[in-house]
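Dear colleague,

I am handing over the structure below, and I would be glad if you could look through it. My notes on what was found follow directly after it.

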Amino acid sequence: MSRSRARPGPVPGTSDYAGNVLREVSAWLHDRPGQADALLAVALLVVTAPQLAAGGQESVVNRIAFVVVTVLLVASVVARRRYPVAAFAVVAVIAAAQIVLGVQNGGQAQVFALQPTNADLAILVLLYTLAAYRPRPVSIAGLVACLLGSAVAIARWSPANGPHPADALFAAAAGLGGLTLAAWVLGDSVAYRYRRAYYASLEERAARLEAERDAQARIAAAAERARELQEQRARAVDESAARLRRIERDLHDGAQVRLAALAMTLGEIKENLESSGDDHTLALVGAAHQNAKDTLAELRDLARGIHPPVLDRGLGPALGILAGTSAIPVRLTVAITERPSPAIEAMAYFCAAELLANAAKHSGASRVAVSVREQDSGLSLSVTDDGDGGARLVPGGGLAGLRERVQTVDGRLEVDSPPGGPTIVTIELPRHA
């Protein structure tokens, strides 16, 4: 009973290894075109060497001339990428000389140095390069030149002049023409891929440039809109500040004056009634006189809260008067070379007033430092107290409301108040709203 033997199968991973090697070799040749062309030239020299050895009966001069022609052919392969047209022209001239002087025609003697050799494959490499790297009209001209040269070479070929040359001519025409067309088609297909990639890159670049132009247009439109909004906000803030100043002046020059006159009149009536002895009327007039004085005091406070008149002298003097009325000793430092807009001055003043009031009410501090200085393109107001600390930005709280007011002009408010103090509140305001 015979036993069947299992046939050895392919070693696992062999095909993958071969594929990887081919891919690595292809990548190496693609990354090093100069070295790849040098290897191709060396290969042409190697396959042409036996033909040089076959001409051992020739003279030294003929053999040197043969070597020179061969070196020119293979050197054109090395220079084909940088100078494809010039290299093809050199090879075409050598091929034409070979056809005229080197191809045997009947019984005529041939020139040994110009006889066709394996190095003539360089013209196919140059035709491929011409089709791959130059415009199609140039490569078609090279293809026509190669086909015409092939036809002339076949016509001068000695078997074409013998009896029954049809088979030989057909085989030669098919071989040379097929190789020539194959080289051109391969090069043209590479050029087609290059052209497609180039056009695709152009389309991608055009689309990217169009997208960048659209983005820049949108950015410019947004910047213009932001500038318009900033100008509108600045005008609104300045107009609001001017309106408040007018209200304060109207109250000061109108209602306050009339209330003062009314209080004075009531005072005179009170004095006259005191001499007449009408106690009831005197009590009524006295109450009216007191109400008039209280109303005048409240109106003055209201006008001062709308826009303190001292701000007309500048932020520094206004803060100096504010520090003088504080319940806690205040050390004031003002370093401003250029006055900000009236709206910014008013905001800085009221922020400082509220922070001083908070320090007096809640911090338990014994002293406060107020500093105003220029910073970049705006102002920096800092209020520091040595109180208990623990101040926080709580929604709905005084500091939160202050921050909202500051943010209306793109300002910032920061609070640093660790437990145990000190508390530092820093407000940054632009020079203009």
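How many bridges join strand β1 to strand β2? Six bridges join β1 (residues 330-335) to β2 (residues 368-375), and the two strands run parallel; strands here are DSSP runs of E of at least two residues, helices are runs of H or I of at least four, both numbered from the N terminus, and two strands pair if DSSP finds at least two bridges between them.

Please keep in mind that this is a predicted model, in which local features need pLDDT of at least 70 and side-chain atom pairs count only at pLDDT 80 or more, whereas totals for chains, interfaces and linings use all residues. Residues are numbered from 1 along each chain as its sequence is written, and side-chain values use heavy atoms, with hydrogens and water left out.

Strand β3 (residues 378-385) pairs with β2 in the antiparallel sense over eight bridges, and in their hairpin, which has two residues between the strands, D376 takes a positive phi near 55 degrees.

As to confidence, pLDDT (the predictor's confidence in each residue, from 0 to 100) has a mean of 80 for the protein chain, with 79% of the residues reaching 70 or more. Over residues 1-13 pLDDT stays under 50, and the model has zero contacts beyond four places in sequence for them, a contact being heavy atoms within 4.5 Å.
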